[in-house]
Amino acid sequence: MNKTLLGQYLRQLRLDKGLNQQQLADLSGVSQPHISKIEKGKEGPSDAAVLKVCQALEHEDPNQLPESFLRTIKPERVWAYCPNADCPGAKRPMVGQSDVIRPNFLEIDEGQTRWCGECREVLVCRCPNPDCRAPAMPGAFCTMCGTKYVENTSKSPTPSD
Ligand SMILES: [Zn+2]
Ligand SMILES: [Zn+2]
């Protein structure tokens with residue numbers, strides 16, 4: 001259970017119902033100081049107390065918060081890159097390393113689908129290496145495993161073809 005998020009959600013529910021903390025205390029049988037702690041996501045109140053408050057607010061499952069609420073929480077900003085090797089926004093930074101591509105990077109809200117402003121490709125926010133999947137950081141390579149973010153596929157075909 002994410003207590004901070006749950007607390008924010010319960011506070012929202014209480015305000016939606018036009019209750020103050022004391023009225024909710026009377027309704028749920030949980031003391032007002034505990035309700036205050038629950039809403040702030042602090043340690044102290046037992047899970048049973050949290051459950052009572054949830055029930056008083058007609059929220060069934062403390063481990064499950066509705067999508068509609070989670071969408072209102074300010075999302076994290078993450079870096080995302082354009083995976084298209086031919087993207088006009090991609091840079092080939094060093095002479096003699098024309099196969100090293102520094103992809104077009106943008107900062108986006110985590111979990112959001114965004115498109116490259118240059119080529120309309122869907123942006124990727126994780127390392128392409130399936131064993132790594134580290135969050136992407138601006139540059140040509142993953143800082144965790146060294147995998148190139150974008151393989152230059154537009155060059156001459158590999159000998160094995
Ligand atoms: Zn692009
Ligand atoms: Zn990686």
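At what angle do helix α2 (residues 21-28) and α3 pack, and how far apart are their axes? They pack at an angle of about 110°, with the axes 8 Å apart, where axes are lines fitted to C-alpha atoms, for helices over the stretch in contact, and angles run from 0 to 180 degrees between N-to-C directions. This is a predicted model, in which local features need pLDDT of at least 70 and side-chain atom pairs count only at pLDDT 80 or more, while totals for chains, interfaces and linings use all residues. Residues are numbered from 1 along each chain as its sequence is written, and chains are lettered from A and ligands numbered from 1 in the order in which they are written.

**Helix α2 with α3**
- The two helices are therefore roughly perpendicular to each other, a term for angles of 65 to 115 degrees.
- Gln21, Gln22, Leu24 and Ala25 of α2 meet Gln32, Ile35 and Ser36 of α3, a contact requiring C-beta atoms, placed from the backbone, within 7 Å.

**Helix α1 with α3**
- The axes of α1 (residues 3-16) and α3 (residues 32-40) come within 6 Å and cross at roughly 120°.

**Leu65**
- Leu65 lies in the loop between α4 (47-56) and α5 (67-70).
- With 18 other C-beta atoms within 10 Å, Leu65 is partly exposed (buried means 20 or more, exposed 12 or fewer, partly exposed in between).
- Not counting residues up to four places away in sequence, Leu65 touches Leu5, Leu6, Tyr9 and Leu70.

Terms used: Helices (H or I, at least four residues) and strands (E, at least two) are DSSP runs, numbered from the N terminus. Angles under 35 degrees count as roughly parallel, over 145 as roughly antiparallel, 65 to 115 as roughly perpendicular and the rest as oblique. Two residues are in contact if their C-beta atoms, placed from the backbone, lie within 7 Å.
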